[in-house]
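Here are a few exercises to work through with the structure open beside you. Try each task before reading its solution.

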Amino acid sequence: MHDFDVVVVGCGGGPSETDLSAYFVKTRASKWKDGILALEAGSGLGALTAILTKDPTLFDDLEGESVSAGKAVEVYPDPQDDFENIDSLGAVKHTNGAPEHYSTHTKARQRVRPAETPAQTGDRVYSYIRSWIVTHAHLDHVASLILGAGSQGGPTRYIVGLDQTVHDLEGVFNGKVWPKLAAREGERAPDFFYRFKPVSPKSDYISVAPNISASVMPISHGQCAQSRDGTYDSSAWFIRNDRTHREFLFFGDVEPDSISIKPKTRSVWKAAASKIVNNVLDTVFLECSWRSDRPTEELYGHLSPPFVLEELRNLAREIVEYRRRPRTRSIYSYFLEAIGLGSKPPPVCDWELRGVLQGVKLVVTHCKSSTECFPDGRHISEVISDEIREIVDEAELGVSVITARQGAKLEI
């Protein structure tokens, strides 16, 4: 039994603007209308409308309504039915202009109204978003968030991210690049404004949607001459179902630790290792923008399949090291370790990594679109995923590779 439902509104990394990073999340036990967590905001209403045109039933658990290509039906109880107004065929004689039907088995009426268009359904689903988690402020991750600002009614919506990410987005909502339609919590602003919620990596899990909490860790997205330290931070998020306490891990854009001037991903793997061993987490969304033949100097803060394998090996090593640790340790041993005098365990050998990631699912995201034609009409994301699958299987890590595709519904 799964813990989360995830709809892939977009999963590409550009340059095509029709399929950019955006994922709608709810817990399995919740309805979409209860409130949605949006991971990233690259694609939005336009992509959602196109998806619903192809698959009108994607969000078909909307409470009280059936959304389909041909009709929309409202079902409501009618405990005080006037049976004199029901003819022998079960049809209500007086409907005040709306066609209705009555079931003596359910004692409920159905009002058939004009079909909701994909654009209307998309707009309604989009209005259920309660928070956006933004891993970083690059346009392929925030475009729809900016364009949609101020256009939705309903409750206040929050933009959740590292403080630097919030600061970068404030530079967009500055009245010049885009109207000022967002403000920090505590700042006076109209109700329809977005509210920025900056999060510290040191903070505990924070609530981001009904029964969903999240915790953040910074990761490196490569070099940036405009930043103080010459690097640009993205982020990785642990997303938790507050009822089942199960989680999944979602990465923003990330460069390989092995070529980073400030490597940070190993810390994320260390945190994930204990969760995997303790059966709290088994799914990782990880970007892979390029194919295997991409030169290292042209990665521009992203991964290619060989570096995905390298990062997965790092995760596997952290799992092996976690399993080696004694479950109980003395305060003295922690003290010796802190001052550098503690005994170091032997390094993890490659043969120890075999099968360590058995049961772990890797969802491949952020594949850059390509005009190249591939055999059997395969999409670039399938080509990249196959390259990852081949080298990961050869390494015998045991991980399952899943391709994120726009319009897919994943059960995690």
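**Exercise 1. Check the length of helix 8 in this predicted model.**

Solution. Start with the count: helix 8 has 16 residues. At 1.5 Å a residue, the span should be 22 Å.

**Exercise 2. Describe how helix 6 and helix 8 pack.**

Solution. Two packed helices are described by the angle between their axes and the distance between the axes.

- Step 1: locate the pair. Helix 6 covers residues 305–324, and helix 8 covers residues 380–395.
- Step 2: take distance and angle. The axes come within 9 Å and cross at roughly 45°.
- Step 3: classify the angle. A value from 65 to 115 degrees would be roughly perpendicular and one under 35 degrees roughly parallel; helix 6 and helix 8 are therefore oblique to each other.
- Step 4: The crossing of helix 6 past helix 8 is right-handed.
- Step 5: list the residues. Helix 6 contributes Pro305, Pro306, Val308, Leu309, Leu312 and Arg313, while helix 8 contributes Ile384, Glu387, Ile388, Ile391, Val392 and Ala395.
- Step 6: sort them by class. Ten are nonpolar, two are charged and none is polar.

**Exercise 3. Find which residues of helix 8 are buried, and what covers them.**

Solution. The buried residues are Ile380, Ser381, Val383, Ile384, Ser385, Glu387, Ile388, Val392 and Ala395. Their cover includes helix 6, strand 17 (361–365) and strand 18 (400–403).

**Exercise 4. Glu40 and Asp376: is each one buried or exposed?**

Solution. Most residues other than glycine have a negative phi. Glu40 has a positive phi, near 75°, and Asp376 has a positive phi of about 60°. Finally, apply the cut-offs, under 20% for buried and over 50% for exposed. Glu40, at 2% relative accessibility, is therefore buried; Asp376, at 81%, is exposed.

**Exercise 5. What does Ser215 contact?**

Solution. Ser215 sits in strand 13 (residues 212–223). Its relative accessibility is 12%, so Ser215 counts as buried. Setting aside neighbours within four places in sequence, Ser215 is in contact with Ser203, Tyr205, Ala236, Trp237 and Phe238.

How values were computed. Residues numbered from 1 in each chain as written. Predicted model: local features only at pLDDT ≥ 70, side-chain atom pairs only at ≥ 80, totals over all residues. Heavy atoms only, no water. Axes fitted to C-alpha atoms, helices over the stretch in contact; angles between N-to-C directions. Helix = DSSP H or I, 4+ residues; strand = E, 2+ residues; numbered from the N terminus. Parallel < 35°, antiparallel > 145°, perpendicular 65-115°, else oblique. Left-handed = near helix turned anticlockwise from the far one by under 90°. Contact = heavy atoms within 4.5 Å. Nonpolar A, V, L, I, M, F, W, Y, C, P; charged D, E, K, R; others polar. Expected span 1.5 Å × (residues − 1). Buried < 20%, exposed > 50% of the residue type's maximum accessible area, 1.4 Å probe, protein only.
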